[in-house]
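I opened this structure to see how its parts meet. These are my notes, entry by entry.

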Amino acid sequence: MSSSITAPEGQLSRRDRFRAYMQAFNPTAPAWEAIRAGLVIEDLHQSLYRNLAARADLEPGSQQLVVGGVGSGKTTELILAGRWLNKRSQVLTFYVDVSTETDLSSLNSGALIASFGRQLGRRLADGPGAKEHTEERRQKLKESYAKVTEYAYGKTELMLADENGSWIEEAISEGSDVPPGRHYLHEVPGKLKPPLPPLNRDIQEVRAPLEDLLTTAKEVHKDVVVIFDGLDRLLDATKFWSVVLQDLRLLRGLKVSVIITAPLSVLFGVGVGQSISDFFDRVHHLTVIPSDPVDKSLWSVLQKRGAIEFLSAPLPSVLCTDSGGVLRDLITLARDAAEEAYVSDRDSITLADIEKVAHQLGTGYLRGLGPEAINVLLELEGSRSFDVSQPANVELLLTRRVLEYSSTDFRVHPALLSVIPRPEPKSA
Amino acid sequence: MPEFSSQPFFEIARRLEIRGENGWLAVLSPATDSSAGLDQLQADLRSVLQKPTRAIQLQPSTFEELREAMHQPDDDAVILSSGTSLTQEKWRSLDIMRSALERKGPVILWLSPGDVANLTGYAPNIRSFIGASIFLAGPDGSIMTDAERQERLNDLSQHFGFTGDEAVRRAEAGESPHEPEFVEWLVLLGRGDLL
């Protein structure tokens with residue numbers, strides 16, 4: 001456990017150096033923080049965010065899908081697109097991370113509409129220009145917002161029974177006199193409050209209040225764009241479709257442009273009879289970025305965040321290769337390697353530090369894999385063939401054990417590949 | 001190379017400290033006496049990070065409860081304990097709510113070995129946050145031998161140029177140097193209460 005200690009003054013500056021580096025390589029920092037700190041390379045994915053924003057801006061009611069594996073940089077692209085729209089056009093843009101609004105594991109159709117409607121209502125009530133509305137308009141906005149909120153969170157109605165004791169399924173309106181007789185309280189569930197039972201309420205019921213809100217919004221802004229993030233967490237494509245079909249159809253009808261994320265599994269249509277290209281106007285797929293000595297895209301990520309001070313050649317290339325081109329893995333490995341150097345009282349990263357953290361990353365991916373899955377991985381490594389029609393194989397993609405570089409180029413994550421146990425060669 | 005890096009709790013806390021905000025990592029709980037280990041981890045985190053530390057049980061918590069607990073407050077250190085192994089379904093459901101778990105303060109997952117396998121298989125979004133930071137707690141990782149402890153105390157005494165008694169006196173007088181090594185020294189002297 002013994003380790004050498006440098007002089008206190010040196011220690012302090014050494015610690016500050018490492019702290020600054022760790023801040024730049026923080027794989028769990030919110031994407032907007034990294035953008036604001038100038039740590040993001042905006043053209044990493046061929047400036048995808050500009051394409052997303054331009055289409056949403058030019059074609060009201062358009063619907064675009066962004067698909068990519070875990071840690072591929074989807075949220076960063078969405079936030080950049082939102083920022084671009086806010087800066088350059090007359091578009092009112094909303095960014096909704098659905099997974100922070102509601103429990104996605106019990107998500108129902110109507111939840112996207114409810115989340116969007118709530119944000120729109122809040123913006124109109126409290127945002128810039130709210131004070132300029134007439135009293136009549138303010139009242140109307142308040143009513144529409146209340147209806148959307150009821151739709152989102154449900155309500156409690158007072159119900160009446162007739163003289164025979166049978167419940168009359170008609171709610172007594174708020175503020176009116178309560179007629180004599182027996183009463184009971186009836187709970188109408190909302191769309192966002194978990195846990196949610198399967199609901200059959202017509203999504204059209206929220207259309208009218210939403211239209212009212214949008215009419216007010218469009219008096220000031222030319223168009224409205226909503227960016228839905230977080231739906232890529234729904235690894236099951238069936239669930240994704242059951243939610244988006246109804247909600248997005250309504251938003252298209254209201255001419256609200258939509259940019260939405262989806263899990264990788266929607267690309268392969270496992271267990272679902274839906275084709276994404278039939279439904280969405282454009283599908284953007286963020287593949288992993290190959291470690292390419294000519295292209296140097298991954299290397300530029302390290303450079304932008306100031307890795308040069310801690311990494312001498314050829315260590316950046318080793319990091320890029322070990323990450324497999326998964327952006328978050330690259331940032332994590334760069335951070336963890338520095339952490340190893342720091343706790344070992346070294347001033348810069350060594351190859352041994354990188355090997356150690358890459359081994360740990362690979363071990364994490366290996367955990368929980370059965371012999372069958374390991375055979376699939378070894379076969380992929382040998383033959384480069386990978387059948388994406390098999391749900392078990394899609395699972396390997398979703399968990400990032402297999403990486404997709406193009407529609408015909410699948411490879412085992414290099415950190416995992418280095419720790420996969422190999423079968424003993426058969427003796428002659 | 002061992003499967004997971006074995007680390008004293010103090011070292012795990014030190015890693016979180018150098019990472020700054022939003023840090024996530026996982027610690028494999030020891031097979032026996034897990035609750036004592038959890039207490040020790042909490043104490044070391046408190047000392048090194050100089051932050052309040054809470055342990056939250058993942059098992060019975062609903063989405064709403066967890067979201068609220070993680071954000072009120074959102075800057076202390078939180079240990080999410082799986083207790084006995086979580087079901088695959090629970091891991092899936094935690095995974096899709098990862099954004100709701102994101103916070104300013106550090107998040108430490110306290111897991112059984114079975115949970116680590118499920119984390120990788122059923123919670124790829126959380127696993128992506130954990131990355132390679134899965135550490136092993138246990139007798140060899142959490143507790144130093146007497147000889148190791150004595151050697152480290154000598155190193156620290158030499159480094160600062162005064163004895164352990166003097167270190168305690170200075171800490172009591174509020175004259176502690178602002179260095180992680182001094183924090184480590186007090187913890188090794190059994191005086192983490194002075195931090």
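Is the crossing of H4(B) and H6(B) left-handed or right-handed? I looked, and the crossing is right-handed. I keep in mind that this is a predicted model.

**Entry 1: the helix pair in chain B**

I then looked up where the two helices lie. H4 of chain B covers residues 88-96, and H6 of chain B covers residues 113-122. Their axes come within 9 Å. The crossing angle is roughly 55°.

From H4(B) I noted B:Gln88, B:Trp91, B:Arg92 and B:Asp95. They meet B:Asn118, B:Leu119 and B:Tyr122 of H6(B). I sorted the residues of this contact by class and got 3 nonpolar, 2 polar and 2 charged.

**Entry 2: chain B as a whole**

Chain B has 195 residues. Its secondary structure comes to 11 helices and 6 strands. I found that 45% of the residues of chain B count as buried. I also checked contacts in chain B between residues at least 6 apart in sequence. Of these, 78% join residues at least 24 apart.

**Entry 3: where chain A touches chain B**

How many residues of chain A are in contact with chain B? I found 45, and they touch 46 residues of chain B. I then looked for the elements of chain A behind this contact. Helices H1 (8-24), H5 (98-101), H14 (327-343) and H15 (351-366) of chain A each supply at least two residues to the side that touches chain B. By class, that side of chain A has 18 nonpolar, 17 polar and 10 charged residues.

**Entry 4: domains of chain A**

I turned to the domain assignment of chain A. Domain 1 is written in two pieces, 8-40 and 289-365. Domain 2 spans 48-286, and domain 3 spans 368-417.

The contact takes 10 residues from domain 1 and 8 residues from domain 3. On the domain 1 side, helix H13 (315-323) and H15 of chain A each give two or more residues. Which element gives the most to that side? I noted H15(A), with 4 residues. By class, the domain 1 side has 5 nonpolar, 4 polar and 1 charged residues.

Key:
Residues numbered from 1 in each chain as written. Chains lettered and ligands numbered in written order. Predicted model: local features only at pLDDT ≥ 70, side-chain atom pairs only at ≥ 80, totals over all residues. Contact = placed C-beta atoms within 7 Å. Nonpolar A, V, L, I, M, F, W, Y, C, P; charged D, E, K, R; others polar. Axes fitted to C-alpha atoms, helices over the stretch in contact; angles between N-to-C directions. Left-handed = near helix turned anticlockwise from the far one by under 90°. Buried ≥ 20, exposed ≤ 12 C-beta atoms within 10 Å, placed from the backbone. Domains from an automatic or database assignment.
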